[in-house]
Amino acid sequence: FGLGGLSMTHMLQKLGLLSDAKIITIDTLHLFNETYSQLDDVKTFFGLQDLQVYRNRYATTRTEFEAQYGSKLWKVDPALYDFVAKIEPTKRALDNLHIMAWITGRRKSQGGERIGLQLFEMDAADGRLKINPMANWQREDVWNYVKRNKLPYNKLHDKGYQSVGDIHSTQAVEVSEGERAGRFKGENRTECGIHHHHSSESVEGLAKRAERIRTAYKWERAAQERASSIGIAKVTEESFGLVVMDSPETILLEAYSPLCPHCRNFEPTFNEIAKKLIARGKAGSGPKVDGKDHLRVARLNLFENSVPQEYSKIFTIDSYPSMYLVMKGMKRMPIRFNGKDRDEQTVLKWVEDQVTFASRNKADAAAMHAAIAAGH
C-alpha cells in the first residue's frame, strides 16, 4: 500500500464504504520484508483480513517464481517481468472482479510520467475507467494526512525511500530528487507497466513469450537436477571468476540457454561426456595437467547470466551450445571447441588432446626456464 492507496482506503472507511469496495493488492513476490510487514499492519488496521492479493498465475513464493522464469527475469527482460509479475495479475484481478472503473493513488506531484495526470482517464489497454482522486494532492498533503490519522505506512519511507516497489528496482534517494527518482534508476522510466504499457509488444505476444520461458525452465529444472547428480557445477555471472577463471582445476565449461532447442538436444551427450571425464578423474585415468587428474565440468546458463565484462573479450560466445576448456594455471585464452561433430567420442578426444598439448607446453617452458637459470 503506497501513501495514496493508504489514504484513500482510510477515506472509504470513514465514509462507511470500505465494505462495499473491492480492495486488491499485487504481490510481485519480489517485495521488501518491510512491505510484507506493512501489509499485515494494513489488514489489522482496516480489518481487511480477506484482502484479495493477486500474484503471478503460477507462483505463490519467489522461489516458485524463479523456478518458472529463472532468477533474473527482472534483469534480462524487464518488460516480460513486468508483464508476468504485475500487468497480468492486475488484469486478472480486474477481470475476475468484473471491474469497469478503478481508483488509483497516483498524483501529479510524484513527477515523471504522472505530471500530466487527469482526475479521470480511460485505460488505452482495456478501455476501463481509471479515477485518480488524489491527482492534485502534494506530497506534504499526503504525509500530513497519513501522520494525522496514524496510518500504517511502509517503514522504508523513514530510511530514505521516497517510493517503494520491488527490491531490485527501488533505491533510497534524496527528497530533492523527486518521489519516483528511486524507482527504475538507470532504466529511463518511472512506471512499472501497470499504468503505462512500455513495451511495443502486444499482451498476446508477451503471454506467448512468457509461456515459452516457462516451458524452457521446466526443462531447466530437470536438467539442473541431472547435472547436479552427475557432479556438473552450476556457474553464474557472480561466481564466474572464482569457479572458472580462478579454479584450482582445469574446467570444461558449457555455455547454453534453456530456450535453445539445440542445447536441450545436446544435454544427454554433454552429460555422458561429463560422466566419463569425472569417472576417469576418480579412477586416475583422466586427462592430466602437471601429472594430476583434476578436470572439472561446469555449465553456464546464458539466458540469465552474462560472462563478466572483464572476461568478455576472451570468451566470445556467439552461438549455443558452446564448450570451452580453461586450463588451470595456464596464462592463455580459453580453448573453444569448434568441431562440427559433437558426439561423445569426438569431444572426449578433443579434451584429451588439448590437455596433453597444454601440459607439454607448460613442461617445455619450465625446462627452458630451468636451463636458462642454470646457464646463469
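## Packing of helix α1

In this predicted model, helices α1 and α2 pack with their axes 11 Å apart and at an angle of about 10°. That angle makes α1 roughly parallel to α2, since angles under 35 degrees count as roughly parallel. The crossing of α1 past α2 is right-handed. On the α1 side the residues that meet α2 are Leu6, Thr9, His10 and Gln13. Their counterparts in α2 are Gln38, Val42, Phe45 and Phe46.

Helix α1, residues 3–14, also packs against α6, here at an angle of about 55° and with the axes 10 Å apart. The two helices are therefore oblique to each other. In this case α1 passes its partner α6 in a left-handed crossing. The α1 residues involved are Leu3, Gly4, Ser7, His10, Met11 and Lys14, and they meet Val142, Trp143, Tyr145 and Val146 in α6. His10 is listed among the α1 residues that meet α2 and among those that meet α6.

## Overall composition

The protein has 10 helices and 12 strands. Its chain of 376 residues is 45% buried by residue count. The exposed surface comes to about 19,400 Å², of which carbon and sulfur atoms supply 52%.

What share of the contacts between residues at least 6 apart in sequence joins residues at least 24 apart? The share is 70%.

## Backbone exceptions

Most residues other than glycine have a negative phi, and most peptide bonds are trans. Leu29 has a positive phi of about 70° and is not a glycine. Leu29 sits in the loop that runs between β1 (24–26) and α2 (33–46). With a relative accessible area of 5%, Leu29 is buried, because the limit for burial is under 20%.

His98 also has a positive phi, near 55°, and is likewise a residue other than glycine. The loop that holds His98 lies between α5 (78–96) and β3 (101–103). Is His98 buried or exposed? At a relative accessible area of 66%, His98 is exposed. A cis peptide bond is found between Tyr320 and Pro321, with omega about -15°. Pro321 belongs to the loop between β10 (295–301) and β11 (322–326).

## Buried threonines in loops

Thr170 is placed in the loop between α6 (139–148) and α7 (203–230). Its relative accessibility is 7%, so Thr170 counts as buried. Which backbone atoms does the side chain of Thr170 approach? A polar atom of this side chain lies 3.0 Å from the backbone nitrogen of Gly165. The side chain of Thr170 also reaches the backbone oxygen of Asp166, at 2.7 Å.

Thr104 lies in the loop between β3 and β4 (120–122). Thr104 counts as buried because its relative accessibility is 5%. The side chain of Thr104 makes a polar contact with another side chain, that of Asn132, at 2.5 Å.

Leaving aside neighbours within four places in sequence, which residues are in contact with Glu238? They are Lys72 and Asn305. With Lys72 there is a polar contact between the two side chains, at 2.9 Å. Glu238 and Val307 are 69 residues apart in sequence, and their C-alpha atoms are 9.2 Å apart in space.

## Val351 in helix α10

Helix α10, residues 344–375, contains Val351. Val351 is buried, its relative accessible area being 0%. From Val351 to Phe337 the separation is 14 residues in sequence and 8.9 Å in space, C-alpha to C-alpha.

Notes: Residues are numbered from 1 along each chain as its sequence is written. This is a predicted model: local features need pLDDT of at least 70, side-chain atom pairs count only at pLDDT 80 or more; totals for chains, interfaces and linings use all residues. Side-chain values use heavy atoms; hydrogens and water are left out. Helices (H or I, at least four residues) and strands (E, at least two) are DSSP runs, numbered from the N terminus. Buried means under 20% relative accessible area, exposed over 50%, partly exposed in between (1.4 Å probe, protein chains only). A polar contact is a pair of N or O atoms within 3.5 Å; within protein, one must be able to donate a hydrogen and the other to accept it, and residues adjacent in sequence count only if both atoms are side-chain atoms. Contact means heavy atoms within 4.5 Å. Accessible areas come from the Shrake-Rupley method with a 1.4 Å probe; for residues, only the protein chains shown count as cover. Axes are lines fitted to C-alpha atoms, for helices over the stretch in contact, and angles run from 0 to 180 degrees between N-to-C directions. Angles under 35 degrees count as roughly parallel, over 145 as roughly antiparallel, 65 to 115 as roughly perpendicular and the rest as oblique. A crossing is left-handed if the near helix is turned anticlockwise from the far one by less than a right angle, and right-handed if clockwise.
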